[in-house]
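The sequence and the structure are shown first.

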Amino acid sequence: MNEDLFVRVVGGIGTIAILLVAVTAGALLGNNPDEMFAWSMISAVTLSTGAVIIIYRFKDKIDSI
């Protein structure tokens with residue numbers, strides 16, 4: 001599998017996982033639709049930022065795999 005395809009597949013799976021976790025967190029933490037949406041957005045932004053930080057932090061180790 002070439003590197004470009006691998007990055008696209010892993011990125012797509014990671015994006016879906018982040019969105020599923022964010023929606024689940026919103027459903028569990030919110031009492032009404034507005035709160036659910038707010039918690040989902042907060043969770044999505046937090047998880048996405050964390051993923052970007054992890055990728056840049058461990059970029060050399062990821063490249064060596």
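How many helices and how many strands does the secondary structure of the protein chain come to?

## Overall architecture

The model is a predicted one. Its protein chain has 3 helices and 0 strands, and the elements run α-α-α from the N terminus on. The radius of gyration is 15 Å, well over the 11 Å that the globule rule gives for 65 residues, so the chain is more spread out than a compact globule. Along the principal axes, the C-alpha trace spans about 45 × 25 × 10 Å.

The burial and surface totals are as follows. Of the 65 residues of the protein chain, 12% count as buried. The accessible surface comes to about 5500 Å², and carbon and sulfur atoms account for 71% of that area.

## Helix α1 and its packing against α2

Helix α1 covers residues 3-29. Its 27 residues should span 39 Å at 1.5 Å a residue, and the end C-alpha atoms lie 38 Å apart, which agrees.

The buried residues of α1 are Ile18, Ala22, Ala25 and Gly26. These buried residues pack against α2, the helix that covers residues 33-57.

Ser43 is found in α2 and counts as buried because its relative accessibility is 14%, below the 20% cut-off. With neighbours within four places in sequence left aside, Ser43 is in contact with Ala22 and Ala25, both of which are among the buried residues of α1.

## Nonpolar surface patch

Which residues form a nonpolar patch on the surface? The patch consists of Leu28, Leu29, Trp39 and Ile42, which together have about 430 Å² of accessible area. The elements that give two or more residues to the nonpolar patch are α1 and α2.

Leu29 is found in helix α1 and counts as partly exposed because its relative accessibility is 46%. Beyond its neighbours within four places in sequence, Leu29 is in contact with Glu35 and Trp39; Trp39 is also one of the patch residues. Leu29 and Tyr56 are 27 residues apart in sequence, and their C-alpha atoms are 30 Å apart in space.

Ile42 has its place in helix α2.

## Charge pairing

Side chains of opposite charge can pair when their charged atoms come close. The structure holds 1 salt bridge, in which the side chains of Asp4 and Arg8 meet at 3.3 Å, N to O. Asp4 and Arg8 are separated by about one helical turn, because they are 4 residues apart in helix α1.

Are the two partners buried or exposed? Asp4 is partly exposed, with a relative accessible area of 47%. Arg8 counts as exposed, at 59% relative accessibility.

## Summary

The predicted model comes to 3 helices and 0 strands. Asp4 and Arg8 form a salt bridge within helix α1.

Notes
Residues are numbered from 1 along each chain as its sequence is written. This is a predicted model: local features need pLDDT of at least 70, side-chain atom pairs count only at pLDDT 80 or more; totals for chains, interfaces and linings use all residues. Side-chain values use heavy atoms; hydrogens and water are left out. Patches are made of residues with over 30% relative accessible area and no salt bridge: like charges are joined within 9 Å, nonpolar side chains (Val, Leu, Ile, Met, Phe, Trp, Tyr) within 5 Å. Accessible areas come from the Shrake-Rupley method with a 1.4 Å probe; for residues, only the protein chains shown count as cover. A salt bridge is a side-chain nitrogen of Lys or Arg within 4 Å of a carboxyl oxygen of Asp or Glu. The expected span of a helix is 1.5 Å times one less than its number of residues. Buried means under 20% relative accessible area, exposed over 50%, partly exposed in between (1.4 Å probe, protein chains only). Contact means heavy atoms within 4.5 Å. The radius of gyration is taken over C-alpha atoms; the globule rule is 2.2 Å times the number of residues to the power 0.38.
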